[in-house]
Amino acid sequence: MVPWLGAEEIAAVTEVIESGWVAQGPRVARFETAFAEAMEAPFGVATSSCTTALHLALIVADVHSGDDVVVPSFSFIATANAPTYVGARPVFADVDPTTGNVTAETVRAALTERTRAVIVVDQGGVPVDLDPIRALCDPRGIVVIEDAACGAGSRYHGRPVGAGAVLTAWSFHPRKLLTTGEGGMLTTSDAEWAARARRLREHAMSVSASDRQASLLAPAEDYTEIGFNFRLTDLQAAIGLVQLGRLPEIVRRRRELAARYTAELADVPGLRPVVDPTWGTGNFQSFWVEVTAPFPTDRDGALHALARAGISARRGIMAAHRQPAYRGRDTGTVLLPHTERLTDKTLILPLYHQLSDDDQDRVIDAMRAATRDLVTEST
Ligand SMILES: *Cc1c(COP(=O)(O)O)cnc(C)c1O
């Protein structure tokens with residue numbers, strides 16, 4: 001992944017520096033409005049990262065110690081960490097072997113008497129099938145939070161992913177489609193949750209720093225509860241506003257590159273690339289490929305073959321339950337065979353906006369050559 005940043009971002013940051021207001025202020029407010037509108041969410045609250053957005057989501061949803069939160073193990077570890085920040089227990093659910101996302105069935109298998117919330121993920125940008133999960137959880141009073149860290153530009157039943165969830169967390173880390181260096185957003189359909197998250201991310205101040213700055217005789221602020229510093233800065237928001245304008249073009253190019261990979265690798269036996277599910281379209285934030293027999297080597301062998309051709313690919317999505325941080329912890333009793341298979345057998349091919357067709361052809365040729373060379377070596 002390589003972020004796509006240019007002269008417009010530089011000009012936007014320069015303007016912020018010249019304005020003299022570099023911390024959270026008017027540009028953060030504009031970015032929140034613009035982003036929420038683009039994602040068809042009523043409210044947006046900018047945060048320092050997706051991780052902090054997930055943390056706030058769990059607080060406003062009233063999740064606390066003694067509660068269980070169902071999460072996929074097959075995700076970046078922040079998804080599982082968020083419940084632990086509020087003292088809750090992450091309970092791992094397995095994923096669908098085709099999409100890599102949790103389903104109503106895998107969530108159901110992980111529910112306990114204490115389940116207060118479920119965090120679903122649009123893994124690698126593949127839209128999660130949210131409606132059946134909400135149909136399962138809503139009647140039980142379980143809050144469904146969407147971790148759309150990878151999801152900007154992906155669509156679910158014709159709308160942006162996240163639009164159908166009461167709380168959705170987004171990431172602007174450079175590994176994702178839109179970047180502000182670091183940064184995140186919490187979008188929500190609930191006005192009170194938005195207002196509380198907005199206070200909590202700024203030390204739970206009753207009057208924001210930028211509102212106090214705007215008056216000569218600043219109103220005294222109260223600290224309504226124990227809050228956090230999870231603020232985004234105006235420097236970051238200025239970049240985010242430019243990046244948001246680039247989103248349609250980024251998604252268009254990524255989908256074009258993904259379609260080329262899919263077509264060019266279609267006749268290589270043993271490779272299964274990620275595809276759009278029937279209920280939506282992905283942004284191909286990660287173009288992952290499952291490597292199985294009859295491909296002549298395993299995933300790690302394929303990564304080595306690419307490396308020998310000068311191409312740096314990556315192992316697929318991690319499985320949190322295998323990490324030292326979670327080994328030996330009580331994270332429920334569900335078996336995770338699809339998670340383990342996907343994390344062991346998938347790799348992520350290079351895919352970024354500026355990737356030229358020629359460079360992509362090098363990756364494709366290297367994958368095809370790996371099949372031939374490895375077969376020759378082994379015979
Ligand atoms: C990247 C990622 C995160 C963490 O995002 P940050 O903005 O770095 O905190 C959380 N969840 C998923 C699924 C991610 O891919």
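This is a predicted model: local features need pLDDT of at least 70, side-chain atom pairs count only at pLDDT 80 or more; totals for chains, interfaces and linings use all residues.
Two strands pair if DSSP finds at least two bridges between them. Residues are numbered from 1 along each chain as its sequence is written, and side-chain values use heavy atoms, leaving out hydrogens and water.

**Strands around β14**

Strand β13 (residues 314-315) runs antiparallel to β14, joined by two bridges. Arg315 stands opposite Leu347 in β14. β12 also runs antiparallel to β14, through four bridges. There, Trp288 has Ile348 as its bridge partner.

In a regular strand the side chains alternate between the two faces of the sheet. Strand β14 (residues 346-349) is covered on both faces. Thr346 and Ile348 are buried on one side, Leu347 and Leu349 on the other. Buried means under 20% relative accessible area, exposed over 50%, and partly exposed in between (1.4 Å probe, protein chains only).

**The seven-stranded sheet**

Seven strands form an open sheet in the order β1-β9-β8-β5-β4-β2-β3, and the pairing is mixed. β1 (43-47) and β3 are at the edges with a single partner strand each, so one side of each has no neighbour in the sheet. From one strand to the next, the twist averages 25°. Angles run from 0 to 180 degrees between N-to-C directions, and axes are lines fitted to C-alpha atoms, for helices over the stretch in contact.

Within this sheet, strand β4 (residues 115-121) pairs with strand β5 (residues 143-147) in the parallel sense over five bridges. Val120 has Glu146 in β5 as its bridge partner. Two helices pack on the sheet. Helix α2 (residues 26-38) touches β1, β8 (167-171) and β9 (184-188), and its direction makes about 130° with that of β1. α7 touches β1, β5, β8 and β9, and its direction makes about 20° with that of β1. Contact means heavy atoms within 4.5 Å.

**The three-stranded sheet**

A further open sheet has three strands in the order β7-β6-β11, with antiparallel pairing. Its edge strands are β7 (159-160) and β11, each pairing on one side only. Strand β6 (residues 155-156) and β11 are antiparallel and share two bridges. Tyr156 stands opposite Gly280 in β11.

| Helix pair | Axes come within | Crossing angle |
|---|---|---|
| α3 (residues 50-60) and α7 (residues 191-200) | 10 Å | roughly 125° |
| α1 (residues 7-19) and α9 (residues 234-265) | 8 Å | roughly 150° |

The angle of roughly 125° makes α3 oblique to α7. The angle of roughly 150° makes α1 roughly antiparallel to α9. The cut-offs are under 35 degrees for roughly parallel, over 145 for roughly antiparallel, 65 to 115 for roughly perpendicular, and oblique for the rest.

α3 passes α7 in a right-handed crossing. α1 passes α9 in a right-handed crossing too. A crossing is right-handed if the near helix is turned clockwise from the far one by less than a right angle, and left-handed if anticlockwise.

In α3, Leu56, Ile59 and Val60 meet Trp193, Arg196, Ala197 and Leu200 of α7. That contact divides into six nonpolar residues, no polar and one charged. In α1, Glu8, Glu9, Ala12, Val13, Val16 and Ile17 meet residues of α9, among them Asp234, Leu235, Ala238 and Arg246. Here the division is eight nonpolar, one polar and four charged. Ala, Val, Leu, Ile, Met, Phe, Trp, Tyr, Cys and Pro count as nonpolar, Asp, Glu, Lys and Arg as charged, and the others, Gly among them, as polar.

**Loops and backbone exceptions**

Most residues other than glycine have a negative phi, and most peptide bonds are trans. Ala204 is not a glycine, yet has a positive phi of about 55°. Ala204 sits in the loop between α7 and α8 (209-213). Its relative accessibility is 0%, so Ala204 counts as buried.

Phe284 also has a positive phi, about 50°, without being a glycine. Phe284 lies in the loop between β11 (280-281) and β12. At 10% relative accessibility, Phe284 is buried.

A cis peptide bond joins Ala293 and Pro294, with omega about 10°. Pro294 lies in the loop between β12 (287-291) and α10 (299-308).

Thr103 is in the loop between β3 (89-93) and α5 (104-108). Thr103 is buried, at a relative accessible area of 18%. Leaving aside residues up to four places away in sequence, Thr103 touches Asp96 and Ile133.
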